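Student: Can we go through this model together? I keep meeting terms, and I'd like to know what stands behind each one.

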Amino acid sequence: MSFSGEVKKELSMLAGTARHCRIAELSAIICFAGNLRISNGDIRLRLETGNSCLKEKYRLLLSLLFSMEHIPEELAGEEVYKILESVKVWDRRKGCFRSTEMADGLLIQQPCCKRAFIRGAFLASGSMSDPDKSYHFEIVCSTMSQARQLQSVIRSFEVDARIVARKKNQVVYVKEGAHIVDLLNIMEAHVSLMNLENVRIVKEMRNFVNRQVNCETANISKSVNAAVRQIEDICHIRDKKGLESLPDHLKEIALLRLEYPDASLKELGAYLNPPVGKSGVNHRLRRISEIAEEM
């Protein structure tokens, strides 16, 4: 099962404890995956999904909220009116629909209801990438107004959600790994949150080690190249004028470099008598290089 599927499976087993939170989540499911149609003067409701986790959650909420036991694929009759009225999609007094694209603002005023709404929206129309490969969380919305409402709800938890157009839809997405962790916590998917955190820790440690190795490799390469150039300069002077032409302190370091081609500047300095620091050795070798260039 994909990581996204594991998150949805975990969320499908959560139903909240308060009735208003359950209604907020049901409202999201109907807004994002519900299909309403009128047949023979009767309103019918069904979910447009093949996701078993969403169907399971839908049945659980209907059972808890309306004591419904046997729930068919398509609901009709008085049960539909009762459901739609509870999520404020149907106005019984006026006998007409309210907005079927957006949730009524009264249903998502409290933080707990906003959490439930995001959970329902993700179950109905969301997905996540495999965190081993990349960090990406998204919920597909059918209209811009629906996307902006969802974005506003997510941003109320200080999570940077953005909107991008994709074909005929609007997609609310989050790319930052830390913010996706926050979203899993908001939706109360705590097991998935821990799994994601474990992946992030491993990836960050791997990246840290890679950076360290690359840095060490670069330093070694730099030191080797410098040593090769120093030896070339010393050999050039030796072949042209002889090392005896150098001042004693330069001749001494030149002979040491030829004897210890792999030694660091610090190690070369320790071989001198009296010992010389790294900067002193570097200064002497640089002077030798200048002499070689002049020759």
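Tutor: Let's start with N51, which touches K8 and L123 once residues up to four places away in sequence are set aside; contact means heavy atoms within 4.5 Å. By the way, this is a predicted model, where local features need pLDDT of at least 70, side-chain atom pairs count only at pLDDT 80 or more, and totals for chains, interfaces and linings use all residues.

Student: Where is N51 found, and what does its side chain reach?

Tutor: N51 is in the loop between β2 (42-47) and α3 (52-66). Those labels are DSSP runs numbered from the N terminus: helices (H or I, at least four residues) and strands (E, at least two). The N51 side chain reaches the backbone nitrogen of C53 at 2.8 Å.

Student: How do you know whether the span of helix α2 agrees with what it should be?

Tutor: The expected span is 1.5 Å times one less than the number of residues. For the 15 residues of α2 (residues 19-33) that gives 21 Å, and the end C-alpha atoms are 21 Å apart, so the two agree. Helix α6 (residues 144-155) passes too: its 12 residues should span 16 Å, and its ends are 16 Å apart.

Student: What makes α2 enclosed?

Tutor: 13 of its 15 residues are buried, so α2 is largely enclosed by the rest of the structure. Take S27, which has its place in α2: at 2% it falls under the buried cut-off. Leaving aside neighbours within four places, S27 is in contact with V87, A103 and L107.

Student: Which residues of α6 are buried, and what covers them?

Tutor: Among the buried ones are Q146, L150 and I154. Their cover includes α2, β7 and α7 (177-186).

Student: Why do E25 and K57 form a salt bridge?

Tutor: Their closest N and O atoms are 2.4 Å apart, and the rule asks for a side-chain nitrogen of Lys or Arg within 4 Å of a carboxyl oxygen of Asp or Glu, so the pair qualifies. E25 lies in α2 and K57 in α3, so the bridge ties together parts 32 residues apart in sequence. At 0%, E25 is buried, and K57 is buried at 0% as well. By this rule the count comes to 15 salt bridges.

Student: What is the phi of E188?

Tutor: Near 70 degrees, a positive value in a residue other than glycine. E188 is in the loop between α7 and α8 and is partly exposed at 34%. K167 also has a positive phi, near 55 degrees; at 85%, K167 is over the cut-off and so is exposed.

Student: Which residues form the nonpolar patch on the surface?

Tutor: M205, F208, V209 and V213, with about 360 Å² of accessible area together. V213 is in helix α8 (residues 190-240) and, at 44%, counts as partly exposed. Patches take residues with over 30% relative accessible area and no salt bridge, joining like charges within 9 Å and nonpolar side chains (Val, Leu, Ile, Met, Phe, Trp, Tyr) within 5 Å, so V213 at 44% clears the area limit.

How values were computed
Residues are numbered from 1 along each chain as its sequence is written. Side-chain values use heavy atoms; hydrogens and water are left out. Accessible areas come from the Shrake-Rupley method with a 1.4 Å probe; for residues, only the protein chains shown count as cover. Buried means under 20% relative accessible area, exposed over 50%, partly exposed in between (1.4 Å probe, protein chains only). A polar contact is a pair of N or O atoms within 3.5 Å; within protein, one must be able to donate a hydrogen and the other to accept it, and residues adjacent in sequence count only if both atoms are side-chain atoms.
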